[in-house]
Amino acid sequence: MSGTAETGSEFVFVYTTLPDVESAEEMAQALVEARLAACANIYPGVISVYEWQGQVERAEEVAMFIKTRRAIAEETIAEARKLHPYDVPAFLLLPIDGGHADYLDWARRQVKP
């Protein structure tokens with residue numbers, strides 16, 4: 001193992017929220033199987049407060065970070081959108097400015113070039 005860190009923005013997180021763990025796991029599995037994501041991290045217990053149709057809403061949600069290549073981020077989002085139960089889901093791209101070289105090498109092998 002090299003143990004060195006790499007810098008750059010070849011990879012991104014696609015951040016989204018979902019109504020429950022089950023829908024998040026379903027989306028994560030589909031994206032990994034399609035090689036659109038190296039990994040997806042699911043965080044239950046998120047409380048979201050937002051305005052929707054003129055009303056302030058509060059919802060218990062699940063946050064998910066999808067690790068993918070920047071070059072296929074739009075394809076990843078398009079596929080995730082098909083699986084998302086919300087009318088207007090959040091899909092935000094967050095750059096990954098670097099990371100452990102061994103992990104990034106593994107991620108490269110997991111997703112489409």
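Trainee: Where is the place of Arg-35?

Mentor: Arg-35 sits in the loop between α1 (21-33) and β3. Helices (H or I, at least four residues) and strands (E, at least two) are DSSP runs, numbered from the N terminus. Please note that this is a predicted model, in which local features need pLDDT of at least 70, side-chain atom pairs count only at pLDDT 80 or more, and totals for chains, interfaces and linings use all residues. Residues are numbered from 1 along each chain as its sequence is written, and side-chain values use heavy atoms, with hydrogens and water left out.

Trainee: Why is Arg-35 called partly exposed?

Mentor: Buried means under 20% relative accessible area, exposed means over 50%, and partly exposed lies in between (1.4 Å probe, protein chains only). Arg-35 has a relative accessible area of 37%, so it is partly exposed. Its phi is near 60 degrees, a positive value in a residue other than glycine.

Trainee: What makes Gln-53 exposed?

Mentor: The relative accessible area of Gln-53 is 69%, and therefore the residue is exposed. Gln-53 is placed in the loop between β3 and β4, and its phi, near 50 degrees, is a positive value in a residue other than glycine.

Trainee: How do you know that β2 and β4 pair?

Mentor: Two strands pair if DSSP finds at least two bridges between them. β2 (residues 11-18) and β4 (residues 55-69) have eight bridges, in the antiparallel sense. Thr-16 stands opposite Met-64 in β4. β2 also pairs with β5 (residues 92-95), in the antiparallel sense and over four bridges; there, Tyr-15 has Leu-92 as its bridge partner.

Trainee: What makes β3 and β5 the edges of the sheet?

Mentor: The sheet is open and antiparallel, with four strands in the order β3-β4-β2-β5. β3 (39-52) and β5 each have a single partner strand, so one side of each is left without a neighbour in the sheet. Neighbouring strands are turned by 30 degrees against each other on average, direction ignored. Axes are lines fitted to C-alpha atoms, for helices over the stretch in contact, and angles run from 0 to 180 degrees between N-to-C directions.

Trainee: How do you know that the buried residues of α3 are on the same side?

Mentor: The buried residues of α3 (residues 101-110) are Ala-101, Leu-104 and Ala-107. They cover an arc of only 120 degrees around the axis, which puts them on the same side of α3. The arc is that of the directions from the helix axis to the C-beta atoms. An α-helix has 3.6 residues a turn, so residues three or four places apart point the same way. The buried residues of α3 pack against β1 (5-7), β2 and β6 (98-100). The helix α3 lies across β2, β3 and β4, running at about 70 degrees to β2.

Trainee: What makes the pair of Tyr-86 and Glu-61 a polar contact?

Mentor: A polar contact is a pair of N or O atoms within 3.5 Å; within protein, one must be able to donate a hydrogen and the other to accept it, and residues adjacent in sequence count only if both atoms are side-chain atoms. The side chains of Tyr-86 and Glu-61 make such a contact at 2.6 Å. Tyr-86 belongs to the loop between α2 and β5.

Trainee: Why is Tyr-86 called partly exposed?

Mentor: Tyr-86 has a relative accessible area of 22%, and is therefore partly exposed.

Note on methods
Contact = heavy atoms within 4.5 Å.
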